Amino acid sequence: MMSIKSCSAGLATHNGIIIDALCRTSHPDIFAAGDVCLQRHPDGSLVRLETWENANRQADIATAAMLNQAPPVHGAPWFWTDQYDLNLQFIGNTRSDHWLCRGDANQRIWLSLNGDRLSGAITLNQGREVRVLRKLIDSGKALDAAQLTDTSVALKSLLK
């Protein structure tokens with residue numbers, strides 16, 4: 001059971017400032033964005049994404065909310081890192097009970113599935129596939145595990 005506390009400004013916190021989908025804090029007139037935030041998801045979970053892209057997304061969302069405008073629609077979250085000669089990219093939600101693997105030891109993609117839907121992916125030296133993987137995640141389309149792992153099947157062909 002998590003313990004929600006409040007900071008000296010009176011905002012609800014839990015190892016960061018808790019915000020809702022519109023980046024509102026527990027105080028209706030205060031918004032927050034970026035690495036200091038834990039965003040509450042519809043299932044009640046709190047998620048902290050400490051990435052440049054997420055900070056920019058949350059800033060866009062908070063700005064729209066402050067102006068009483070509809071929030072912008074963003075696709076699956078993404079971030080990357082280079083570690084020596086390795087490029088790792090993370091797309092979507094990588095919390096999953098079911099993982100598939102595509103490729104060899106030097107160029108691999110790990111695929112996170114919830115049921116038959118792709119919810120996330122991790123690429124190793126496969127940056128050219130990230131855009132397609134994002135589209136597959138955002139589509140919510142049912143996918144065949146055998147096709148996802150078969151390197152002779154272009155991931156792009158699964159968008160059709």
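## A report on a predicted protein model

At 39% relative accessibility, Asp35 counts as partly exposed. The labels work like this: buried means under 20% relative accessible area, exposed means over 50%, and partly exposed lies in between (1.4 Å probe, protein chains only). Asp35 sits in the loop between strand E3 (17–19) and strand E4 (37–40). Its C-alpha lies 8.3 Å from the C-alpha of Asn54, and 19 residues separate the two in sequence.

This is a predicted model, so local features need pLDDT of at least 70 and side-chain atom pairs count only at pLDDT 80 or more, while totals for chains, interfaces and linings use all residues. Residues are numbered from 1 along each chain as its sequence is written, and side-chain values use heavy atoms, leaving out hydrogens and water.

**Overall build**

The protein has 3 helices and 10 strands. Helices (H or I, at least four residues) and strands (E, at least two) are DSSP runs, numbered from the N terminus. Along the sequence the pattern reads β-β-β-β-β-α-β-β-β-β-β-α-α. The C-alpha atoms fill a box of roughly 55 × 35 × 30 Å, taken along the principal axes. Of the 160 residues, 34% are buried.

**The core**

In soluble globular proteins, nonpolar side chains tend to be buried together. A nonpolar core here is a set of buried Ala, Val, Leu, Ile, Met, Phe, Trp, Tyr and Cys residues joined through side-chain atoms within 4.5 Å. The largest one has 18 residues. Among those with the most contacts inside it are Ile91, Leu111, Leu118 and Leu133. Strand E9 (108–114), strand E10 (117–124) and H2 each supply at least two residues of this core. H2 gives the most, with 5 residues.

**Charges on the protein**

Helix H2 (residues 130–139) also holds Lys135. Lys135 is partly exposed, at a relative accessible area of 48%. Together with Arg131, Lys156 and Lys160, Lys135 forms a positive surface patch. Patch residues have over 30% relative accessible area and no salt bridge; like charges are joined within 9 Å, and nonpolar side chains (Val, Leu, Ile, Met, Phe, Trp, Tyr) within 5 Å.

Side chains of opposite charge can pair when their charged atoms come close. A salt bridge is a side-chain nitrogen of Lys or Arg within 4 Å of a carboxyl oxygen of Asp or Glu. The whole structure has 5 salt bridges.

| Salt bridge | N to O distance |
|---|---|
| Arg24 and Asp20 | 2.7 Å |
| Arg48 and Glu50 | 3.0 Å |
| Arg117 and Asp116 | 2.5 Å |

How open are these partners? Arg24 is partly exposed at 35%, and Asp20 is partly exposed at 22%. Arg48 is partly exposed at 29%, whereas Glu50 is exposed at 53%. Arg117 is partly exposed at 36%, and Asp116 is partly exposed at 35%. Elsewhere, Glu53, Arg57 and Arg134 are linked in a network of salt bridges.

Most residues other than glycine have a negative phi. Asn15 has a positive phi of about 60 degrees, although it is not a glycine. Asn15 lies in the loop between strand E2 (12–13) and E3, and is exposed at 67% relative accessibility. Tyr84 also has a positive phi, near 60 degrees. Tyr84 lies in the loop between strand E6 (78–83) and strand E7 (86–92). Tyr84 is exposed, with a relative accessible area of 85%.

Notes. Areas by Shrake-Rupley, 256 points an atom, 1.4 Å probe, with all protein chains shown as cover. Lys, Arg positive; Asp, Glu negative; His and termini not counted. Charge placed at Lys NZ, Arg CZ, Asp CG, Glu CD.
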